Amino acid sequence: MKKFFTLIAAVALAASVNAQTFKSFEKTTVFITNQENVTAGIAEGWIAEGSGKTATTKTGSINPETGEEEIYKQPGLDLKKNNDAKAFSIYVTGLTSLTAYGATTSSSDTRDLYVVATPNDGSAAVEISASSEPNVTAVASLELDAAKKYTVVFTGVKAGDKESGADIALHGVKFVPGTSTGISSVNAAAAKKNGKTYNMAGQEVSSSAKGLIIKNGKKYVK
């Protein structure tokens with residue numbers, strides 16, 4: 001009987017491993033991290049089981065869907081390091097970058113959105129943190145290798161302290177694939193000729209704009 005249950009456990013574990021999917025994107029995609037979307041991602045296998053158990057509505061200053069500054073008050077995943085009920089992990093591949101948007105859940109404390117992407121080939125992880133003052137969105141952007149598969153963990157920590165958990169509301173994540181960013185070659189050619197600066201959505205921005213930009217046909221992080 002013991003052997004039987006051991007076999008059942010092994011089969012269940014194998015099924016769990018096989019269910020894990022490294023998701024790729026055909027074009028630049030903004031994933032809004034509400035519980036409905038997260039539940040669908042778990043079912044598809046590219047979002048880890050246990051993610052998105054709690055949510056909170058906190059005001060930010062950037063709309064993840066547009067990247068534009070505005071008052072943004074939508075339910076977001078409640079993240080906190082070292083708290084299993086406030087976890088969010090994903091499995092992705094084929095990306096050149098991702099950008100996470102989150103806001104502190106405190107009305108007085110500045111907190112950090114902390115993102116760690118670990119390649120499954122054993123190479124070094126890449127990480128980024130960004131601070132959010134009350135009602136101000138933290139924008140954390142990571143450059144990735146499109147040839148690698150990553151497990152990406154998003155969490156909330158105290159400002160300047162990557163070990164101590166503190167609540168952050170994650171509003172959304174933008175995924176930029178290596179094959180197609182959604183920016184046409186016409187825009188890239190124009191940028192090369194006129195020296196103008198564009199964001200990842202192909203919109204012209206000022207030369208002082210922060211984040212991932214395109215200038216003269218090349219990508220930069222400012």
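Buried means under 20% relative accessible area, partly exposed lies in between, and exposed means over 50%, taken with a 1.4 Å probe on protein chains only. The legends below describe a predicted model, in which local features need pLDDT of at least 70, side-chain atom pairs count only at pLDDT 80 or more, and totals for chains, interfaces and linings use all residues. Residues are numbered from 1 along each chain as its sequence is written, and side-chain values use heavy atoms, with hydrogens and water left out.

View 1. At 3% relative accessibility, Trp46 is buried. Phe31 is buried too, with a relative accessible area of 12%. Rings of Phe, Tyr and Trp (its six-membered ring) pair if their centres lie within 6.5 Å; planes under 30 degrees apart are stacked, over 60 edge-to-face, and the rest tilted. Phe31 and Trp46 pair edge-to-face, at 5.2 Å centre to centre and 75 degrees between the planes. Phe31 is in strand E1, while Trp46 is in the loop between helix H2 (35–44) and E2. Helices (H or I, at least four residues) and strands (E, at least two) are DSSP runs, numbered from the N terminus. Phe25, Phe31, Trp46 and Phe175 form one aromatic cluster.

**View 2. Lys23 sits over Phe25.** Lys23 lies over the face of Phe25, 5.4 Å from the ring centre. A charge counts as over a ring if NZ of Lys or CZ of Arg is within 6 Å of the ring centre and within 35 degrees of the ring normal.

**View 3. Phe22 pairs with Tyr91.** The count of aromatic pairs comes to six. Phe22 and Tyr91 form an edge-to-face pair, with 5.8 Å between centres and 65 degrees between planes. Phe22 lies in the loop between helix H1 (2–19) and strand E1 (29–32), and Tyr91 in strand E4 (residues 88–93), so the pair ties together parts 69 residues apart in sequence. Tyr91 is buried, at 14% relative accessible area.

View 4. Two strands pair if DSSP finds at least two bridges between them. Strands E2 (residues 55–62) and E3 (residues 69–79) pair antiparallel over seven bridges. Thr57 stands opposite Pro75 in E3. Six residues separate the strands, and Gly67 in the turn has a positive phi of about 75 degrees.

View 5. Eight of the nine residues of E6 (residues 111–119) are buried. E6 pairs antiparallel with E7 (residues 126–132) over seven bridges. Tyr114 has Ser129 in E7 as its bridge partner. Nine bridges join E6 to E9 (residues 149–158), also antiparallel. There, Pro119 is partnered by Tyr150.
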